[in-house]
Amino acid sequence: MVWFLGLGMTGVALLALSLLFDGVLDGVLDGALGSALDGWLSLPVIAGFLAMTGFAGAVATGAADAGPAVATTAGAVCGVGTAWLTYRFSRVLMRDQTDLTPTGDDLVGTSGNVVTAIPADGGYGEVLLRLAGQPVKFAARSAGPVARGAEVWVEAVPSATSVVVRPVDR
């Protein structure tokens, strides 16, 4: 039983190392056996297999009073199942796609409110716009003066922190 517990603890230690050194050793065995085992030889999969093989073997030995051969077989079956689940879960996580990062072009055509009045001399005021659902304050210019609190439309985005706006006519 001590051997099985040692094998299980080794698997848990490998899993902790795979979390600490995220992906450092994952590329070592890439291309092994003609890429037939890609993903299966990753550190989390191997760690899951070792941990479950050890702990399931220890449970089979302690609870069922099984011999070493039966405990090893039971542990290996549980280990293969855990390795398969770990492999599938890691594939799902790797395919997870995020939304595109919003850019300045996404602001063109949106409406907002003037926070600091925009002067007539081509100076800058401030507008509050929503970018990806979040309120963001931008420096703003306009062809004419725009009072604080007025609703505006974004016509152009000359830089990452400034916009050109026009008042909304209602």
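Helices here are DSSP runs of H or I with at least four residues, numbered from the N terminus. By that rule, Thr72 lies in helix α3. The model is predicted.

Start with the whole chain. The protein chain has 3 helices and 5 strands. Along the sequence they follow the pattern α-α-α-β-β-β-β-β. The chain has 170 residues, and 26% of them count as buried. Take the contacts with a separation of 6 or more. Residues 24 or more positions apart account for 53% of these.

Now turn to the helices. Two packed helices are described by the angle between their axes and the distance between the axes. Helix α1 covers residues 2–20, and it packs on α2 at an angle of about 155°. The axes of α1 and α2 are 7 Å apart. Angles over 145 degrees count as roughly antiparallel, so α1 is roughly antiparallel to α2. The crossing of α1 and α2 is left-handed. On the α1 side, the contact residues include Phe4, Leu7, Gly8, Gly11, Leu14 and Ser18. On the α2 side, they include Leu43, Ala47, Leu50, Gly54, Ala58 and Thr61. By class, this contact of α1 with α2 has 14 nonpolar residues, 7 polar and no charged.

Leu43 is one of the α2 residues in that contact. Is Leu43 buried or exposed? Its relative accessibility is 18%, so Leu43 counts as buried. The C-alpha atoms of Leu43 and Leu14 are separated by 7.2 Å. Along the chain, these two residues are 29 residues apart. Leu14 belongs to the α1 side of the contact.

The next pair is α2 and α3. Helix α3 covers residues 68–95, and α2 packs on it at an angle of about 150°. The axes of α2 and α3 are 7 Å apart. The angle is again over the 145-degree limit, which means that α2 is roughly antiparallel to α3. The crossing of α2 and α3 is right-handed. Among the α2 residues in the contact are Pro44, Val45, Gly48, Phe49, Met52 and Thr61. From α3 come, among others, Ala71, Ala74, Gly75, Cys78, Thr82 and Tyr87. The contact of α2 with α3 has 13 nonpolar residues, 8 polar and no charged.

Thr61 deserves a separate look. It takes part in the contact of α1 with α2. It also takes part in the contact of α2 with α3. Where does Thr61 lie? Its place is in helix α2, residues 43–63. Thr61 has 18% relative accessibility and therefore counts as buried. Leave aside residues up to four places away in sequence, and Thr61 touches Met1, Phe4, Ala66 and Ala71. Which backbone oxygen lies 2.9 Å from a polar atom of the Thr61 side chain? That oxygen belongs to Gly57.

Finally, return to Thr72 in helix α3. With a relative accessible area of 40%, Thr72 is partly exposed. Its side chain reaches the backbone oxygen of Pro68 at 2.7 Å. Thr72 and Thr61 are 11 residues apart in sequence. In space they are 9.1 Å apart, C-alpha to C-alpha.

Technical notes. Residues are numbered from 1 along each chain as its sequence is written. This is a predicted model: local features need pLDDT of at least 70, side-chain atom pairs count only at pLDDT 80 or more; totals for chains, interfaces and linings use all residues. Side-chain values use heavy atoms; hydrogens and water are left out. Helices (H or I, at least four residues) and strands (E, at least two) are DSSP runs, numbered from the N terminus. Buried means under 20% relative accessible area, exposed over 50%, partly exposed in between (1.4 Å probe, protein chains only). A polar contact is a pair of N or O atoms within 3.5 Å; within protein, one must be able to donate a hydrogen and the other to accept it, and residues adjacent in sequence count only if both atoms are side-chain atoms. Contact means heavy atoms within 4.5 Å. Axes are lines fitted to C-alpha atoms, for helices over the stretch in contact, and angles run from 0 to 180 degrees between N-to-C directions. Angles under 35 degrees count as roughly parallel, over 145 as roughly antiparallel, 65 to 115 as roughly perpendicular and the rest as oblique. A crossing is left-handed if the near helix is turned anticlockwise from the far one by less than a right angle, and right-handed if clockwise. Ala, Val, Leu, Ile, Met, Phe, Trp, Tyr, Cys and Pro count as nonpolar, Asp, Glu, Lys and Arg as charged, and the others, Gly among them, as polar.
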